Amino acid sequence: MDQAILALEDGSVFEGRSFGALTHRHGEVVFNTSITGYQEIFTDPSYAGQIVVLTYPQIGNYGANQQDNESGRPFIEGLVVREFSPLASNWRSDEQAEHFLAKSDIPVIAGVDTRALVRHLRTRGVMRGVLAAGPSLDGKALVEEARQSPSMAGLELATRVSATAPYEWTAGVDACSPSQHLQPWPEKRFHVVAFDYGIKRNILRRLVHTGCRVTVVPAGTSADDVLALNPDGVFLSNGPGDPEPLEFQAAQVRKLIGKKPIFGICLGQQILGLALGGRTYKLKFGHRGGNHPVLNKITNRVEITSHNHGFTVDPDSLNASDVELTHINLNDETLEGFRHRNYPVFSVQYHPEAAPGPHDSLYLFDDFIKLMTEAKGGAR
Amino acid sequence: MPRRTDIHRILIVGSGPIIIGQACEFDYSGTQACKALRADGFEVVLINSNPATIMTDPELADRTYVEPLTVAYAEEVIRRERPDALLSTVGGQTGLNLAVALAEAGVLDKYDVELIGAKIDSIKKAEDRLLFKDAMRKIGLETPQSQLVNTVEKGLEFGTKIGYPLILRPSFTMGGSGGGIAYNREEMIDILERGIDLSPVGEVLIEESVLGWKEYELEVMRDQADNAIIVCSIENFDPMGVHTGDSITVAPAQTLSDREYQMMRDAALACLREIGVDTGGSNVQFAIDPATGRMVIVEMNPRVSRSSALASKATGFPIAKIAAKLAVGYRLDEIKNDITKVTPACFEPTIDYVVVKIPRFQFEKFPGAEPVLNTQMKSVGEVMAIGRTFQQSLGKALRSMETGKSSAADVYDEAQIANKLITPNPDRLNYIRFAFERGYTIAQVHEMTAVDPWFLERVRDIVLQEQQMDLLEPEDLTHDIILAAKRAGLSDNRIARAVDMDPLDFRARRKELGVQAVFNRVDTCAAEFESFTPYLYSSYEQVSEADPTSRPKVMILGSGPNRIGQGIEFDYACCHASFALQEFGHESIMVNCNPETVSTDYDTSDRLYFEPLTLEDVLNIADIEKPDGVIVQFGGQTPLNLALPLKHAGVPIIGTQPENIDLAEDRKLFGAVLDQLGIPAPDNGTATNVEEACEIARRIGYPVLVRPSYVLGGRAMVIAYGEDMIRRYMAEAVTFSQKRPVLIDRFLEDATEVDVDALCDGDDVLIGGIMEHIEEAGVHSGDSSCVLPAFSIGASELQTIEEYTVKLAKALKVIGLMNVQYAIQQGKVYVLEVNPRASRTVPYVSKATGVPLPKIAVGLMLGKKLKDFAYLTGGRTSGVLPVPQFFVKSPVFPFNKFPGVDPALGPEMRSTGEVMGVGENFGEAFGKAQISAGTPLPEKGSVFLSVNDRDKAAAVEVARNFHDLGFQLHATRGTASILKAAGLPCKTVFKVNEGRPNAVDLIKAQTVQLVIYTTTGGHTFTDEKAIRRAAVTWRVPCITTMSGARAAVQAVASKRVDPIRVWSLQEIHAAKDVSTPSA
């Protein structure tokens, strides 16, 4: 078994055993507290540029399958786990998780005291790191390498992971068990254009599932080109990196506000916030997990939600006469969702499409449909 | 919706005595509920018949009624107290059933009591199998195909249609009581007959078998605003077919992807909403076909359950406490998470470790019961272990079990592998390991066990690592090799054995090489937020989070898994030790591995180490905490076994010193002490071989009591009436050695047994209580009813007992608690046994006297004197504490779970729990205790008597009393002729082998309401056993001793004159210094 090392920019070095690919990768080291859903995490493009530490210590138990991919390939730079299973046990498993990552050339370090690492990141904040696997590794050199790697703050990654050409998405959500009785898809009544800043497939599946025909467009698409597609609604996706550099994207969204119903998720909310004149800032260690309580201030109910973000919109930067804050994180009071007071525009910072995570907030897709229904009714 | 202001006084219903399927987890939940509601300003009235619980401590409620959990007595409590609401969901199935019964009897309406926690409709929907199935179908969830039947014929019809095997579940019984798996027609008839009888509504659900499917459980909570969360997921190692209480279980679920888990989560929430649980916790069980992923919902409990206790301990999320708060109107997001302090309780705990629970069985105490597992729960306790990985947790859980077995499966029989893997049994995991040692593949073992391959691979990996270790020599040990082994959960003992080292030498070597245990925190959030609660478990990670304080601190060693003879009573003492330490300004550190207990609540002590009670694990904690003292006398035998080794390792033991504890256990040394003090004991001897044993028995004369040394609960203890029996016993029943000899005592026939609990500070001795046993000597003290104050012992004998107790306490240099057992035979007092530690009767005595014995004991261990506690003892520093009423403690037996077992009482303890009856006279107290024990004595009808020759004279007197009370008499020939000779009208009944209708037929036909059947001594005849079994099955009270029969007469007589009346402990003890009532 080969050795692997995770070196952090602050000089910390964690040694372990290598699983996956024998390679070097650098990235921002972040942690996710979900117990299940590693495959979705691996393949979520929002993790581009990040080395992910999973707090749950037994990873790989149920293998990997084709259904649970959130994009075409894994996007994490590297994986840090306490224990990686040599055996996959599940009726849907096609291959071992180790193989799934190795074939995409992603290194894995196992045997690490991930709890100590997470406590370190929690107190010091997330930081840059290098994950290297293979023979004769030099911890000191790797620390230096980490220090030379680009910082996440100010890093624009969305356009790098985005689709390069528009495409139609047609697949809906499929069942994972004969006992999962999903609602049949309704007739496709709405055309949604989805900006791909690093979009997760389950968002697309959910849109299809609620009755949308979906055209995915690259992150660099202009508002005019979007309007030319004559959509009933515009969707702003999740994605990796710092939102601040996405000035072009924010400008396009600004042009669309008031013209089309808009729904944003995660980076989509941040871009919408920027478009509305707001600011974003970087959280110390972000929110990544599937158990965050979010209060919906309109229904006064708490939703258990799936999170993956390192940046967030500063609620004080939004103009209260335009924007109504609708969702608040009960753990740290950060902004989790808002809507425009005058236009059919709303967004959430967390992931209602789940994958991985609880389904408490799926209603937001229905809300989007309602807005489009109203807009359509109003226009005709 | 904040706290309700329209209710002020809340009645909490406890779960009664500890029985299989309903154990001290409900003391934990009830205690949490009491604390939470009182902290919120509610007045709490509590009813629970179990005196051994923390929840029935007078400090925990405003009014505490240790009274029978029946409609009549609960109504009396309600009439007196007029509560605004009744919380039904923290007292297990008993609490729920009583709540339903009170509602249906109109009592709640009559006194305008609102049911909170779960409404009647929700309870019925969840508990009634048919309603439940309909409800699930409505929301699109599958349940196994099934039919509810009330006759055997209908059941057989369904069996023919669906095919065997089939699962049978009687409606409204707890712990799967009376249920089972029928593999064929014959078994179907058998189980169905029993099940229809046991179900209070005479119904049994027959279900399609999902044997071998993956089994899961989700713990769910919901508030009035419809906020709902999953607290924990649990995956069973043992697939469907084994009761979840008897299964090895793992938290969180290990082999579900997120999609599959979320499907289950959605289903659980839909179930909760449909059933209508809107203010509390529930658990929902699922089965998944491992081949296709088809999922069925198995059942849901609309209340706090055994699994919720496990889930609370596994996650640090206090389900019962939160459930109580939700029941009084709070929303989940209005309650703070105790551990993080900043985040709300409205979230889903995420964990970064693996939890393993293993049940503990005691089939060895029930000869005749087949040690196989099915859908009826049979385990008597459980352990839980927390580790960073499944392997580590499994290793820790196994060594928490205290089965005396090592992890090596070298004593197993290869020919048994197939049988032991295919048929679930308590030894299955060991056989799985054994199979892997013998080279079986994962696929082979999976095929036979249906255990998920992921678990099997992890187990096999441990076995392989052990085998590799076995090839090493001590000098091969490196830091990396040891670390890998420790991370895989191998104990120091196991590694030491592998390399042929002394375990303590290995430990030293391990530490020298820098491999040390560190401690991690259970924090509900996988380290995302800071933890303010030192709830710790050990691991072999790099960084420790123990952060010990520099305060004066004392460590309490708990009692480990519940077992017969060592149960909740010891947890009671440990919890009190903790409370007392805190009160006296010391930091309390609890070490225990039993998830059912109050002691393992993170709220109970300043610091909690959820760890196995082995020398290795306790030393690891001592290394980091460096306690000023360790208390070993409260946790039963478990910590006592560690006392000397700990002391030798330099850990300070406070209270009675280990050497003196050992002195009391050592026959020869203790015999010398008794001689010196001039205290008589029955003639006795110590044998290490068969001939020696026979020789000793001849010398001291038969009958003799034979037992192994160092055991609790009378394990493997018998009364031998002749040499053949000694020979058989030595050959079959006991293992002995030079180090572990067999003890032989003269058995005192027809003696009265007495239990004494006393406190000693080194100078003064204060006796808590002199408890008179109702059953004569020969019945294990834990299985005998006893009464405070003693009611038939003469003043001079009491005086002698007091004198002996004082002498013994001083001679053994007792600091703290001591228990002595005496027997009085023809006016002479003998010492049977001295245990310089807290006994099983400590909670009972504390409640009867109103004096908290464990608290004072802790004070004494810290160097205080009895006179410092005059404020608690009514000024007494010597003599015997008075009791203001009659208090009878009665045992509760699990015989209904073990078909085929003879329920006759004997020297081997078999009761799982106890109840207390309170009365103004002995008869009233005894009668109430019998009601609480589930064997209420009849008020009229017929009594069946069959007694052995020694008892015939006494039988006449008892029969006459029953006759005078208007009972008819039935008796077998011998007994009948004596009764007739005494002029009593009596019907003669055939013995079982004489013809029909015989005694069993009479019981089945409900012709007799009470059975008095004393043993013939020596060994048990099938006839006797058949009658006693029938009594258990048909729930006819069966008394097996004449002293018990005499007590029954008094109870029945009392019932005629005394009204239904109840007293709260607070009012009983309101006046501290009261005189003892006269008998």
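Helices here are DSSP runs of H or I with at least four residues, and strands are runs of E with at least two, numbered from the N terminus. This is a predicted model, in which local features need pLDDT of at least 70, side-chain atom pairs count only at pLDDT 80 or more, and totals for chains, interfaces and linings use all residues. Residues are numbered from 1 along each chain as its sequence is written, while chains are lettered from A and ligands numbered from 1 in the order in which they are written.

Now select residues 922–932 of chain B, which form H31(B): 11 of the 11 are buried, so this helix is largely enclosed by the rest of the structure. A residue is buried if 20 or more other C-beta atoms, placed from the backbone, lie within 10 Å of its own.

Finally, show chains A and B together, where the contact (C-beta atoms, placed from the backbone, within 7 Å) takes 51 residues from chain B and 48 residues from chain A. On the side of chain B that touches chain A, helix H9 (258–275) and helix H16 (453–470) of chain B are the elements that give two or more residues, and H9(B) gives the most, with eight residues.

Methods: A residue is buried if 20 or more other C-beta atoms lie within 10 Å of its own, exposed if 12 or fewer, and partly exposed in between; C-beta atoms are placed from the backbone. Two residues are in contact if their C-beta atoms, placed from the backbone, lie within 7 Å.
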